[in-house]
Amino acid sequence: FDESNGLCRRAFWAAIFAVSFVVLMIMLGSTFDDFWGAVLATGFDVVDGTNMLPMMTICNKAPVRCGCEAFYDSSLTSDPVLLERVIPFICKGQLGLTNDYKGAFEADGTTAEGYRETLERDIKTVVDVDETKKRMDAFTDRLFCDNGPYTKDYIIKGIKANTLTALDVFSYAGYH
C-alpha cells in the first residue's frame, strides 16, 4: 500500500466494508427468521388486586420451557404415576385444575405468586388428571429441545426410571 489515498488502499477498504455489510445482512436475516419462526405461547390470568391501575407482567419466571416434546410423550401421559412426575413441567394452559381450585395460597393464607410453587405439593387435590391428559394430548406447539446428550429419549427414560435430576431438566428444557 502506498501512503496516500491510492487505488489499492481504497479497493482494500471497500472490499472489507462490502464483506462486513453482507455478513451483517445475513446475520440480521437469520435473527429475524428465528424470531418470526418461534412458537408463541401466551397465557392470560385475571387476578383481583387493590391497585388502581391495571398491571401487566411480560416476564416468564419459569426456568424451563414448558412446551418441550418429551413432557408430552404419550408413554408418560398414559401412566398415572409418570403423568404426576411430568405435570410440574407442562405449560399452564395444558393444566386442568379442579373446579373448586381458587388459586394457590401460602401457609399464612396469602395468595401465592405462582402456581408451580404449590403445584407439586397439592397435585393430588388441585389437578383434574383427565382434563390435563386431554389437553396434553391435544397440545400441538411442542418444541424440539434436544441439547447434546439431553434428548427427548434421555428425558423420557429418566422420568420413567425416576432418576431425572434438575440438571437434566435444565440442560434439556432450560433457556440456553
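## Terms and model

Buried means under 20% relative accessible area, exposed over 50%, and partly exposed in between (1.4 Å probe, protein chains only). By that scale Phe35 is exposed, with a relative accessible area of 55%.

This is a predicted model: local features need pLDDT of at least 70, side-chain atom pairs count only at pLDDT 80 or more, and totals for chains, interfaces and linings use all residues. Residues are numbered from 1 along each chain as its sequence is written, and side-chain values use heavy atoms, with hydrogens and water left out.

## Overall fold

The protein chain has seven helices and zero strands. Helices (H or I, at least four residues) and strands (E, at least two) are DSSP runs, numbered from the N terminus. Of the 176 residues, 26% count as buried.

The accessible surface comes to about 12900 Å². Carbon and sulfur atoms hold 60% of that surface. Areas come from the Shrake-Rupley method with a 1.4 Å probe; for residues, only the protein chains shown count as cover. Among contacts (heavy atoms within 4.5 Å) between residues at least 6 apart in sequence, 70% join residues at least 24 apart.

## Nonpolar patch

Phe35 sits in helix H1, residues 7–37. Phe35 also belongs to a nonpolar surface patch of about 920 Å². Patches are made of residues with over 30% relative accessible area and no salt bridge: like charges are joined within 9 Å, nonpolar side chains (Val, Leu, Ile, Met, Phe, Trp, Tyr) within 5 Å.

## Aromatic pairs

The whole structure holds seven aromatic pairs. Rings of Phe, Tyr and Trp (its six-membered ring) pair if their centres lie within 6.5 Å; planes under 30 degrees apart count as stacked, over 60 as edge-to-face and the rest as tilted. Tyr72 and Phe139 form a tilted pair, 4.7 Å centre to centre with 35° between the planes. This pair links distant parts of the chain, 67 residues apart. Tyr72 lies in the loop between H1 and H2, Phe139 in the loop between helix H5 (129–138) and helix H6 (152–161). Tyr72 is buried at 1% relative accessible area. Phe139 is buried too, at 12%.

The ring centres of Tyr150 and Tyr154 are 5.5 Å apart and their planes stand at 85°, so this pair is edge-to-face. Tyr154 is partly exposed, at 37%. Ring pairs also link Phe71, Phe89 and Tyr172 into a cluster.

## Thr77

Thr77 lies in helix H2, residues 74–77. Thr77 is buried, with a relative accessible area of 4%. Beyond its neighbours within four places in sequence, Thr77 is in contact with Tyr72, Leu83, Lys133, Met136 and Asp137.

## Salt bridges

Three salt bridges turn up in the whole structure. Each is a side-chain nitrogen of Lys or Arg within 4 Å of a carboxyl oxygen of Asp or Glu. Lys152 pairs with Asp73, the closest N and O atoms being 3.6 Å apart. That pair spans 79 residues, from Lys152 in helix H6 to Asp73 in the loop between H1 and H2. Lys152 is partly exposed at 25%, whereas Asp73 is buried at 15%.

Glu131, Lys134 and Arg135 are linked in a network of salt bridges. Lys134 and Glu131 have their closest N and O atoms 3.5 Å apart. Glu131 and Arg135 meet at 2.9 Å, N to O. Glu131 and Arg135 both lie in helix H5, four residues apart, about one turn of the helix. Lys134 is exposed, at 57%.
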